[in-house]
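Hi,

Here is the structure I promised to pass on to you. Have a look at it first, and then read my notes below.

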Amino acid sequence: MKKTIEEHANRFSEIAGDYDDSQDSDEYRACVSLVVEHADPSEEDTVLDLGTGTGAIALALAPDADRVIARDISEGMMDEGQKKAAEQGIENVEFGEGRFREPNVEGEDIDIVVSNFAMHHLSEEEKREAIEVIAGLGPRKFVLGDVMFFGTPDPEEPFYSPEVDDPSTVGHLADVLTNNGFSLTAVERVHEQVGVLVAERYGE
Ligand SMILES: C[S@@+](CC[C@H](N)C(=O)[O-])C[C@H]1O[C@@H](n2cnc3c(N)ncnc32)[C@H](O)[C@@H]1O
């Protein structure tokens with residue numbers, strides 16, 4: 001992690017009011033659509049959205065799921081999400097403080113975990129620990145949309161800000177996922193530095 005949790009939380013809370021309007025790239029929108037499409041919850045599923053921000057994924061999945069537990073470190077971002085949920089009449093999304101490595105979901109039975117454009121703030125080792133925690137929650141599926149490198153990263157590309165971002169290669173993420181009992185069932189390349197990984201566990 002190139003900044004502390006508190007620095008990331010403050011940074012996102014400061015921009016929360018403008019966040020949705022600033023996410024106007026085709027790649028971000030494609031990533032959101034793919035995460036939502038692959039998550040594909042049923043009406044009995046509890047979904048956990050880690051790094052939910054203003055709830056782009058959580059609010060999109062809520063109509064199809066039983067519940068969505070939305071976790072983030074930035075109260076400002078979640079306040080925006082809560083406002084949107086109220087405006088849209090969505091009542092089954094529960095926003096609350098939680099981190100990748102401490103998601104604050106004790107006692108919950110999680111069916112699907114999703115995360116979009118958030119895990120790249122963690123270092124490689126922290127991502128490994130986060131994926132271990134996610135696997136330990138016992139979901140049948142984990143859908144990860146994020147900045148990730150399909151080839152040698154070009155630092156001039158817009159999806160990578162070295163001062164705040166710490167993306168991993170697709171290979172590293174795939175290794176950690178498979179080491180934690182997941183099978184990669186889809187790899188969607190949105191851009192050479194943006195993708196969606198679908199990791200599933202069968203028979204558990
Ligand atoms: C770029 S936003 C993405 C938000 C949303 N998932 C989306 O698709 O629009 C990244 C979010 O990750 C959150 N975040 C950063 N580090 C985190 C951590 N360690 N645990 C949980 N959330 C974190 C930030 O507060 C921010 O809201």
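V93 touches A58, L59, A62, V68 and A70, leaving aside residues up to four places away in sequence; contact here means heavy atoms within 4.5 Å. Please keep in mind that this is a predicted model, where local features need pLDDT of at least 70 and side-chain atom pairs count only at pLDDT 80 or more, while totals for chains, interfaces and linings use all residues. Residues are numbered from 1 along each chain as its sequence is written, and side-chain values use heavy atoms, without hydrogens and water.

V93 also belongs to the largest nonpolar core, which has 34 residues. Such a core is a set of buried Ala, Val, Leu, Ile, Met, Phe, Trp, Tyr and Cys residues joined through side-chain atoms within 4.5 Å, with buried meaning under 20% relative accessible area (1.4 Å probe, protein chains only). V47, L61, V68, V93, V114, F117 and V143 touch the most other members. Helix α2 (residues 26-39) gives the largest share of this core, six residues; helices are DSSP runs of H or I with at least four residues, numbered from the N terminus. A second, separate core of 24 residues includes I110, M148, L173 and F182.

L173 turns up again where two helices meet: E124, K127, R128 and I131 in α5 are in contact with H172, L173, V176 and L177 in α6. The axes (lines fitted to C-alpha atoms over the stretch in contact, with angles from 0 to 180 degrees between N-to-C directions) of α5 (residues 124-136) and α6 (residues 170-179) come within 9 Å and cross at roughly 30°. That makes α5 roughly parallel to α6, a word used for angles under 35 degrees.

Best wishes

Terms used
Buried < 20%, exposed > 50% of the residue type's maximum accessible area, 1.4 Å probe, protein only. Parallel < 35°, antiparallel > 145°, perpendicular 65-115°, else oblique.
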